[in-house]
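Hello,

Here is the structure I promised to pass on. Please open it first, then read my notes below.

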Amino acid sequence: MSANPLLSIEGLTASVDEKTILHNVNLNVAAGETHVLMGPNGAGKSTLGHLVMGDPVYTVNDGRIVFDGQDITELTTDKRSRAGLFLSFQAPVEIPGVPLSSFLRASIAGRPGLEMKGKEFRRRVKELAAELNMDTAYLNRELGVGFSGGEKKKVEMLQLLLLQPKLAILDETDSGLDVDALSTVSHGMDAYRKSCDGSMLIITHNTRILEHLDVDRVHVMVKGHIVREDDASLIPWIDKNGFETFEREAAEQRTQAEAAAVEQQA
Ligand code: ADP
Ligand code: MG
């Protein structure tokens, strides 16, 4: 881990509708590294991804998010995106009336280093579609409308390869995919890593997608707390044992903390 991580989440406590979801979360990702955030359903993994991207639904109560040397805690989502952050959604959007190619064109508009002429853009997108084994007919269809789960994921990978962000947060990019689509996503992640030495924070509760990836660090979240951090050896362990151990440990720690609080009052 380098002294100055690309992404540094420092003591982040955050809530939605007065309900605290994340508690004092610390997480660092260095440039070029691949990290995994795992944990049971409802742990707060997607919430963390949305907070890093600046989703206004969530309130930061304490702590800060630093990206590429800049405190981005108060920045709007588009500024974070321009700074080099990318978040793929667990449930990708549909935009009726907007062809996929127009959407992709708009997403690179005004970005230094990414602007290209129409002809060059079409060639580049076709190249990437071929790389992802994606039917180019999709480029002229309305974004997401009638796309299968697998096709939506391919669109995300296409966007990732086109934008080449410094850090890609991929939220359950593997959920509900058949074997073919899964291999497309793996291939897309690999192509992204190789093309720009980008960093990844992969959110998942499924270890399948991680088999072909060189993972540097694994973070486990339970009930809004990071409860464990380790190297890639934690993945096969979780595969075998699930999250029960972490959940039990977290519950025991809560009980102990409550007991200590009661003792202090007495
Ligand atoms: P995970 O991605 O780990 O499954 P989430 O981050 O989606 O977990 O959710 C964590 C908790 O926060 C859940 O209890 C969920 O209901 C709650 N939560 C997340 N987003 C919202 C929201 N926009 N409004 C209300 N509650 C939310
Ligand atoms: Mg989620």
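Which residue is the bridge partner of Leu7 in strand 4? The bridge partner of Leu7 is Phe67.

Before more findings, some ground rules. This is a predicted model, in which local features need pLDDT of at least 70 and side-chain atom pairs count only at pLDDT 80 or more, while totals for chains, interfaces and linings use all residues. Residues are numbered from 1 along each chain as its sequence is written, chains are lettered from A and ligands numbered from 1 in the order in which they are written, and side-chain values use heavy atoms, with hydrogens and water left out.

**The sheet**

Helices (H or I, at least four residues) and strands (E, at least two) are DSSP runs, numbered from the N terminus. Two strands pair if DSSP finds at least two bridges between them.

Four strands form an open sheet in the order 2-1-4-5, with antiparallel pairing. Strand 2 and strand 5 (70-71) stand at the edges with a single partner strand each, so one side of each has no neighbour in the sheet.

Strand 1 (residues 7-16) is mostly covered, with 9 of its 10 residues buried. Buried means under 20% relative accessible area, exposed over 50%, and partly exposed in between (1.4 Å probe, protein chains only).

Strand 1 pairs with strand 2 (residues 19-29) in the antiparallel sense over 7 bridges. Ser15 has Thr20 of strand 2 as its bridge partner. The hairpin of these two strands has 2 residues between them, and Asp17 takes a positive phi near 45° there.

Strand 1 also runs antiparallel to strand 4 (residues 59-67), joined by 7 bridges. Ala14 stands opposite Val60 in strand 4.

**The helices**

The axes of helix 3 (residues 100-108) and helix 5 (residues 149-163) come within 10 Å and cross at roughly 30°. That makes helix 3 roughly parallel to helix 5, a term for angles under 35 degrees. Axes are lines fitted to C-alpha atoms, for helices over the stretch in contact, and angles run from 0 to 180 degrees between N-to-C directions.

Helix 3 uses Leu100, Phe103, Leu104, Ser107 and Ile108 for the contact, and helix 5 uses Val155, Leu158, Gln159, Leu162 and Leu163. Contact means heavy atoms within 4.5 Å.

**One serine**

Ser81 lies in helix 2 (residues 77-83). Ser81 is buried, with a relative accessible area of 16%. Ser81 touches Met53 and Arg111, not counting residues up to four places away in sequence.

Best wishes

Notes:
Parallel < 35°, antiparallel > 145°, perpendicular 65-115°, else oblique.
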